[in-house]
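Dear colleague,

Please find the structure below. My notes on it follow.

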Amino acid sequence: MDVADLVERARRGHPRAVARLISLVEDASPELREVMAALAPHTGRARVIGLTGSPGVGKSTTTAMLVRALRGQGRRVGVLAVDPSSPFTGGALLGDRVRMQDHATDDGVFIRSMASRGHLGGLAWATPQALRVLDAAGCEVILVETVGVGQAEVDIAGLADTTLVLVAPGMGDSIQAAKAGILEIADVFVVNKADREGAQSTVRDLRNMVALATRDWKPAIVPTVAARNEGADDLVQALDKHQAWLEESGELQRRRLARVRDEIEAIALTSLRVDLRDDGRLDTLADRVLAGSLDPYTAADELLA
Ligand SMILES: Nc1nc2c(ncn2[C@@H]2O[C@H](COP(=O)(O)OP(=O)(O)OP(=O)(O)O)[C@@H](O)[C@H]2O)c(=O)[nH]1
Ligand SMILES: [Mg+2]
């Protein structure tokens with residue numbers, strides 16, 4: 001494989017080259033080291049927007065709505081659907097493909113789903129690298145959809161410049177949000193399915209919660225009916241407002257620095273884990289700990305040394 005050529009084609013926005021590079025990321029290919037070195041000077045421009053929320057709340061529909069709006073502004077867009085729970089590209093994400101068919105022939109949009117194929121380090125390691133590929137390929141905005149279960153929301157907050165938390169009326173989402181600490185990570189609340197009964201009271205509940213929050217940034221609350229493309233302009237405006245605040249306050253730089261730290265740490269830990277696992281001394285040390293002639297802390301020290 002000619003890595004330099006592949007990277008050059010990806011940079012010029014060739015969809016197949018971009019797809020090939022993301023596959024290398026998913027497969028944790030040994031070629032990645034060279035790929036990332038070649039991409040590095042061309043990264044740092046993309047705006048990363050994360051979307052999270054309960055299953056079925058409308059993340060994919062909202063993503064499609066945002067793609068439409070951003071394409072309308074002539075911006076190049078990347079979409080990454082990340083499913084940390086599934087070892088394979090699952091059914092939910094295939095559904096997304098159908099919904100994204102509008103954009104299938106638009107070469108200003110890259111759409112890709114990614115699942116952890118069970119490799120060491122999982123998606124904590126792979127997602128930032130996939131973002132680098134899309135960034136270098138000239139995507140001005142990258143939308144990352146994650147299934148909102150447990151820890152996943154927190155992960156997306158670490159990856160994104162702006163985190164959208166979607167809730168829907170009647171799902172008890174606003175109460176859930178308060179419990180799960182989502183208030184801390186949401187930069188914008190999207191009350192999707194606003195065509196349903198109870199939308200007003202969901203907005204009100206969120207307003208009350210946001211009023212009590214002690215963060216510098218008060219999350220915006222935007223009602224949408226993504227299925228009918230309603231609320232797109234308001235949502236884009238809320239995103240731009242947050243982006244402006246990120247830049248003025250210095251928070252953008254802080255978030256991105258934290259993100260890169262996490263990325264380096266994930267790569268270092270993954271490679272350390274591979275080394276330790278492959279180290280023949282691990283078996284010998286395990287034997288000694290099992291026999292009671294060594295304690296596990298000393299064994300770990302010896303292994304690390
Ligand atoms: N009534 C109504 N239905 C909507 C709206 N937005 C999305 N839906 C429907 O809600 C269902 C789920 O939407 P998705 O966009 O797939 O939701 P998701 O959050 O991506 O779902 P997962 O990826 O499976 O977690 C679909 O049947 C959509 O058509 C809306 O604004 N109003
Ligand atoms: Mg979805």
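**The metal and the ligand beside it**

Serine 60 is buried, with a relative accessible area of 8%. Keep in mind that this is a predicted model, and that the values in this email are computed from it.

Serine 60 takes part in the metal site. The magnesium ion, ligand 2, is coordinated by Ser60 through OG and by Glu145 through OE, at 2.1 to 2.2 Å. Serine 60 belongs to helix α4 and glutamate 145 to strand β4, residues 141-146, so the pair ties together parts that are 85 residues apart in sequence. Glutamate 145 counts as buried too, because its relative accessibility is 10% and the cut-off for buried is under 20%.

In total, 17 residues surround ligand 1, and the closest are Gly58, Lys59, Ser60, Thr61 and Asp195.

- Glycine 58 has a polar backbone atom 3.0 Å from an oxygen atom of ligand 1.
- Lysine 59 brings a polar side-chain atom to 2.8 Å from an oxygen atom of ligand 1.
- Serine 60 has a polar backbone atom 2.8 Å from an oxygen atom of ligand 1.

Taken alone, ligand 1 exposes 650 Å², and the protein buries 74% of that. The elements that give two or more residues to the shell around ligand 1 are α4 (59-72) and α5 (91-99). Helix α4 supplies the largest share of that shell, with three residues. Sorted by class, the shell around ligand 1 holds six nonpolar, six polar and five charged residues.

Helix α12 runs over residues 251-278, which is 28 residues. From its first C-alpha to its last, helix α12 reaches 41 Å, close to the 40 Å expected at 1.5 Å a residue. The buried residues in α12 are Glu251, Leu252, Arg255, Arg256, Arg259, Glu263, Ala266 and Thr270.

The side chain of arginine 255 makes a polar contact with the side chain of aspartate 187, at 3.0 Å. Aspartate 187 sits in the loop between α9 (182-185) and β6. Aspartate 187 counts as buried because its relative accessibility is 1%, against a cut-off of under 20%. A polar atom of the aspartate 187 side chain also lies 2.8 Å from the backbone nitrogen of threonine 163. The side chain of aspartate 187 is therefore placed by the model at 3.0 Å from the side chain of arginine 255 and at 2.8 Å from the backbone nitrogen of threonine 163, with aspartate 187 itself buried.

Alanine 258 is another residue of helix α12. At 36% relative accessibility, alanine 258 counts as partly exposed.

Arginine 12 is in the loop between α1 (3-11) and α2. With 52% relative accessibility, arginine 12 counts as exposed, since the cut-off for exposed is over 50%. Arginine 12 and alanine 137 are 125 residues apart in sequence, yet 6.5 Å apart in space, C-alpha to C-alpha.

Glutamate 26 lies in helix α2 and counts as buried, at 2% relative accessibility.

**Backbone angles to look at**

Which residues have a positive phi although they are not glycines? Alanine 28 is one of them, with a phi of about 50 degrees. Alanine 28 is in the loop between α2 (15-26) and α3 (32-39), and it is partly exposed, with a relative accessible area of 34%. Lysine 193 is another, with a phi of about 60 degrees. Lysine 193 is found in the loop between β6 (188-191) and α10 (199-212).

Regards

Key. Residues are numbered from 1 along each chain as its sequence is written. Chains are lettered from A and ligands numbered from 1 in the order in which they are written. This is a predicted model: local features need pLDDT of at least 70, side-chain atom pairs count only at pLDDT 80 or more; totals for chains, interfaces and linings use all residues. Side-chain values use heavy atoms; hydrogens and water are left out. A residue is near a molecule or strand if one of its heavy atoms lies within 4 Å of it. A polar contact is a pair of N or O atoms within 3.5 Å; within protein, one must be able to donate a hydrogen and the other to accept it, and residues adjacent in sequence count only if both atoms are side-chain atoms. Accessible areas come from the Shrake-Rupley method with a 1.4 Å probe; for residues, only the protein chains shown count as cover. Helices (H or I, at least four residues) and strands (E, at least two) are DSSP runs, numbered from the N terminus. Ala, Val, Leu, Ile, Met, Phe, Trp, Tyr, Cys and Pro count as nonpolar, Asp, Glu, Lys and Arg as charged, and the others, Gly among them, as polar. Donors are N, O and S atoms within 2.8 Å of the metal (3.2 Å for Na, K and Ca); water is not among the atoms, so sites may look incomplete. Buried means under 20% relative accessible area, exposed over 50%, partly exposed in between (1.4 Å probe, protein chains only). The expected span of a helix is 1.5 Å times one less than its number of residues.
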